[in-house]
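Thanks for coming. Please look at the model on the screen while I go through one site and then the whole chain.

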Amino acid sequence: MFDILSIIPGKKKTTSSGWISFNAVCCGHHGHKADRRMRGGIKFDGNNWVYHCFNCGYSCAFTLGRSINTKTTKLLQWCGIDPEQIQRWSLESLQRKDLLDFTHTRKHKSKITFKEHNMPAEAVLIGTTNPEHQTYVDYLLKRNIKPDEYPFMITPTMRGRYRNRIIVPYTYKNKIVGQTSRFLDDLTPKYLNEQQPGYVFGFDFQKHDWQVCIVVEGIFDALSINGCALTHNTISEEQALLLAQLNRRIIVVPDRDLTGMEICDRALELGYSVSLPDWAPHIKDVNDAVIEYGRLPTLLSILEAATMSKIRIEIQRTKIVKRLQKGS
Ligand SMILES: [Zn+2]
């Protein structure tokens, strides 16, 4: 969808009340003096925005999922956009009707809560200097994750597989609401999740002033770049509601397998960007990339490849699928 702020010409500044102000583009078009005191304003609510002129009083709005109405069309035309382009955007917006219902439900169920979860009584925090914990520390370091960056736990006094696992507590607003166990033996399942519906791992990592949230499939992928993890290869309706609360651009980085490729369509449907960076063939997920290239280069490659263009994603996806099929 179009970016209104890059369409409106001139300098912009953000006010403390959340308006982005600039010289209004409307006034001259209906008998008022042109604005030179930055009295035009845009206010965002997720994908949607309102325009208001504090000089001549003109106002209009855009809602993703609805067509572009006459008043908003006028505004875009005053910014130099031609009517056919506006028509195309309008149709594009209408195709996102599903998002409309979704913002609707968001209003009705704005409070998302999770029940508190009790960690196993035997669980202890990993001690980075405790020689008995070395195996666990080594496992995390091998995955390029600092053992003291997150409250990883272990249960070395338990029997069987449970002595050989790392527990990652799931937190939400600094309360423990679930956990996953990563077993370090070679048996399946590798993970055992105790997760409430709609939960997204890494929500607490997202800082207030970040403009982007990177969404990945796995816990260790999220941990290695402070992203959010879905913990499976779909995005549930409830997870989308939670992510919407972040109110920022969402970039989904799917795993490089066939199911990961399916998530792309769902991401676009929700108005997210998708990123499929040009990583080496043996890189299967974000954690692999961080181990290979380092955290910052990985992040940069994700941002650079992020797109909402179906065609660009399709091209990358075809490339990866071909490679996967050749490899198998
Ligand atoms: Zn005006």
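Cys56 counts as buried, at 18% relative accessibility; buried means under 20% relative accessible area, exposed over 50%, and partly exposed in between, with a 1.4 Å probe and protein chains only. Cys27 is also buried, at 1%.

This is a predicted model, where local features need pLDDT of at least 70 and side-chain atom pairs count only at pLDDT 80 or more, while totals for chains, interfaces and linings use all residues. Residues are numbered from 1 along each chain as its sequence is written, and side-chain values use heavy atoms, with hydrogens and water left out.

What coordinates the zinc ion? The SG atoms of Cys26, Cys27, Cys53 and Cys56 do, at 2.3 Å. Donors here are N, O and S atoms within 2.8 Å of the metal (3.2 Å for Na, K and Ca); water is not among the atoms, so sites may look incomplete. The spacing of the donor residues in sequence is C-C-x25-C-x2-C. Cys27 sits in the loop between strands E2 (20-22) and E3 (40-45), and Cys56 in the loop between E4 (48-53) and E5 (59-62), so this pair ties together parts 29 residues apart in sequence.

Now the whole chain. It has 11 helices and 14 strands, which are DSSP runs numbered from the N terminus: helices are H or I with at least four residues, strands E with at least two. Of its 328 residues, 47% are buried. The C-alpha atoms fill a box of roughly 80 × 45 × 30 Å along the principal axes.
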